[in-house]
Amino acid sequence: MSEPRIAAASVYALLADGRTVEIRPTRPADFDAVKAMHEAMSPDNAYLRFFSLSRRAAEQEARRVTREAGPDHAALLARFDGQVAGLASFEVARGRDGAPGRTAEVAFAVADTMHHRGIATLLLEHLVSAARAMQLTALTAETLRENTGMLRVFAEAGLPVVTKVEDGVVSVTIPLPPDDTGQQLEDYLETVARRERSANVASLRPVFAPASVVVVGTSRRPRTVGRTVLGNIKAGGYAGNLYAVNPALSPVDGSPAEIDGVPCFPDVASLPAAPELAVLAVPPDAVVATAQACGRRGARGLVVLTSAVSEPAGAALLAVCRRYGMRLIGPNCFGIAVPATGLDATFAAANPRPGKVGLVMQSGGLGFAMVDHLTRLGIGISSFASVGNKLDVSSNDLLMWWEQDGVTQVAVLYIESFGNPRKFARTARRVSMKLPVLTVHAGRSAAGARAAARHTGGTASSLVTREALFEQAGIIATPSFGELMGATALLATQPPPAGRTVAIVSNVGGAGVLAADACTDLGLTVHRPDERTRERLRAIIPDGGSVNGPVDTAATVSAGDFRRVLETFGADADVHAVIALVLRTGATGDLRAAVAAADVGVPLAVVELNQPEAVRLIDGKDGKFPSYAYPETAARALSRAVRYGERRAAPRQTVPAFLGVDAEGAREIVLRYLAGTPGGGWLPPDDVAGLLGGYGIPLSASAPPAADGTEVTVGVKDDPMFGPLVVFGLGGVATGVLADQAARLAPLTEADADALIGSIRSAPLLHGHGGVPAADLAALRDILLRVSRLTDDLPEVTELDLNPVIARPDGALVAGARIRVAPQLPQDPFLRRLR
């Protein structure tokens with residue numbers, strides 16, 4: 001059994017009502033506060049906790065839970081508004097020989113004033129995380145039968161619960177999810193995620209649906225940030241209470257001064273009521289003090305527009321927000337907007353249009369540009385947040401908000417750094433099953449990565465890790481801002497196609513050729529009409545056209561005939577989408593109107609070869625559809641919609657479990673090595689073989705010649721931001737020369753492993769190419785999944801390299817291996833806590 005893995009530092013988390021609570025280990029100095037909490041309990045609650053009304057119970061319990069943590073016990077304290085709000089502890093059971101066992105007894109207490117806010121549930125989740133890190137197998141508890149509140153906490157935890165009642169006492173056993181990351185763990189994590197989503201949304205309501213707003217730092221001078229923000233909120237039609245703060249303006253005849261008709265006060269403390277949202281446009285050296293004033297006045301949300309906030313000041317700002325329970329957007333941001341409610345707390349040049357796209361941007365300038373484009377297109381936005389340095393609120397939070405707001409139909413992200421990539425991936429994967437999530441790869445080059453790091457103050461991630469993250473999360477990632485706009489326009493107006501077959505119709509033959517090339521390059525199938533459909537088309541298309549696919553209607557086609565061609569393909573069951581390319585000539589009339597009038601019935605993308613905009617929307621018979629300036633842009637947007645539809649339709653997969661894995665034996669190998677080499681290092685060959693053997697990955701006794709198959713490499717890299725990555729690529733001497741590798745975040749599903757194998761440039765070799773026999777892909781998948789399980793079980797494995805792995809028609813042999821280990825504290829990326 002490992003030592004207790006409860007973090008020494010405090011963390012903050014959200015209660016069910018969205019309020020912030022601090023969670024930390026108890027200390028001997030907490031004795032008086034813990035004792036006072038127990039003594040303040042009502043007789044009924046004290047009886048439920050201690051099974052008696054003993055006057056000494058409070059003191060005894062306080063001494064037990066505030067003693068120094070040890071290998072067999074630990075306790076957590078929850079603090080709210082400076083007071084002890086709850087307590088949770090566990091004591092590891094001992095066997096008959098006195099040695100620590102594999103179960104622990106837990107106990108909980110919640111202050112009388114804090115019931116029904118989810119404190120006990122939150123503390124239980126933290127105990128479960130610590131117990132799993134110690135390799136405990138179950139938690140136990142005893143409670144009175146009438147303690148229905150505590151029994152409900154256990155029953156709704158998301159874990160299986162076994163109960164036994166005897167003499168009015170309920171004995172509870174909670175088996176913990178095993179390390180095989182199977183369905184039990186998946187169900188538990190989903191339950192925790194639901195609670196987190198509910199609490200997160202509650203905490204964000206004062207930010208995105210505030211009943212009152214104050215802009216602090218509003219000047220009388222026009223074209224200043226604060227004055228512009230105030231004007232935008234007023235011009236947007238915000239119906240809540242709106243205030244301004246300017247220390248230079250004093251009340252006039254007992255009434256507050258005004259700026260643009262908005263009441264203005266000399267300081268936050270003078271406001272007539274607590275503002276739910278405070279927008280700060282103050283100098284950097286005034287940010288922390290202003291935030292404190294907002295917290296004391298009762299603000300629940302803070303948007304800090306101020307740039308040039310130093311790292312120490314940023315830490316102090318976040319500490320203030322945690323202390324007062326305020327959610328923070330920024331600093332160094334452009335603000336937020338919810339156009340449907342008139343809330344435009346930005347300094348944009350114009351109010352945005354209400355609509356269906358949610359935007360979260362680390363680059364506020366790009367955010368403004370995207371808002372303008374979406375407003376011009378008529379798509380509009382549901383809500384917008386420029387998160388800047390994102391000390392608190394991030395893309396994770398916005399995804400959860402959009403998931404439930406009932407308005408957002410497309411989510412667009414611009415992210416340059418990540419706080420908790422694994423939680424982000426899990427959240428985005430769930431949200432993308434409901435609505436498409438798009439982003440752009442930012443910082444793909446070395447120069448771009450350096451600029452991104454300077455821009456946000458965060459650590460830029462490598463392209464391969466971001467690609468892995470976006471792919472596994474089901475996010476549609478584009479290489480450019482223009483392609484992001486193109487894909488957004490399609491997905492905001494058209495459903496994802498049900499398949500990959502695209503009918504191409506053009507009155508310009510060359511444009512149809514370009515569209516066909518682009519579709520083929522992107523893995524789409526250009527539709528070839530059957531004979532019956534060709535006969536119908538011949539009756540419509542003028543002489544000189546082509547009906548074989550792509551269809552060339554000839555330049556002289558009439559508008560009515562062009563419409564009938566489109567409707568013919570719309571009625572073809574083999575067609576999943578249509579690209580219509582048009583060029584208006586004096587002989588054809590307005591083909592765009594013909595397209596708009598067509599009853600197509602499948603997703604439609606139009607290319608107007610002489611339109612000035614890169615993309616615009618056209619009003620059609622069944623709603624709007626996008627029109628692009630270039631065939632390739634339309635094809636790329638459509639291919640991304642196709643992939644999104646395929647991901648959403650694919651059956652949900654879980655991480656597979658393996659029988660016969662000796663995780664305990666493997667862990668003993670690692671711990672034994674680290675006991676002798678505390679700083680870590682490369683395991684000796686015998687330990688490498690033993691470790692791999694414990695996971696069913698045998699080392700070949702003698703390396704076969706590479707002519708028997710294709711040399712590949714399977715590895716693990718411990719990324720400081722993303723955690724363990726499973727890496728796959730071309731192996732042998734080509735590893736460093738060709739750099740043909742891809743990665744996925746551990747743990748992998750079978751779909752992840754298959755996608756990883758197929759994502760390298762050399763993948764055709766594995767399917768049989770140039771005389772090389774096709775490899776046993778199932779055997780490669782098995783090795784990847786076992787390596788994934790190994791790195792998920794053993795966080796001490798910081799680097800693993802299986803090279804070469806000979807992929808042969810009859811299996812896959814590991815011909816070389818090395819493993820590096822280092823001391824690690826296991827991290828739980830799915831534990832409920834704020835950044």
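Predicted model: local features only at pLDDT ≥ 70, side-chain atom pairs only at ≥ 80, totals over all residues.
Local features need pLDDT of at least 70 and side-chain atom pairs count only at pLDDT 80 or more, while totals for chains, interfaces and linings use all residues. Residues are numbered from 1 along each chain as its sequence is written, and side-chain values use heavy atoms, with hydrogens and water left out.

**How the spaces are found**
- Rolling a probe the size of a water molecule over the atoms shows where empty space is left.
- A cavity is a set of points, on a 1 Å grid over the protein atoms alone, where a 1.4 Å probe fits but cannot get out; lining residues have an atom within 4 Å of a point.
- A volume is the space filled by probe spheres set on the points, which are joined across faces, edges and corners.
- Three cavities of 30 Å³ or more turn up here.

**The largest cavity**
- Its volume is about 80 Å³.
- The lining includes L189, M400, R430 and F830.
- Helices α6 (183-208) and α12 (421-432) each supply at least two lining residues; helices (H or I, at least four residues) and strands (E, at least two) are DSSP runs, numbered from the N terminus.
- Five lining residues are nonpolar, one is polar and four are charged (Ala, Val, Leu, Ile, Met, Phe, Trp, Tyr, Cys and Pro count as nonpolar, Asp, Glu, Lys and Arg as charged, and the others, Gly among them, as polar).

**The second largest cavity**
- This cavity holds about 70 Å³ of space.
- Among its lining residues are A337, P352, F368 and I381.

Note on methods
1 Å grid on protein atoms, 1.4 Å probe; cavity = no way out; pocket = protein on both sides within 12 Å on 5 of 7 lines; lining within 4 Å.
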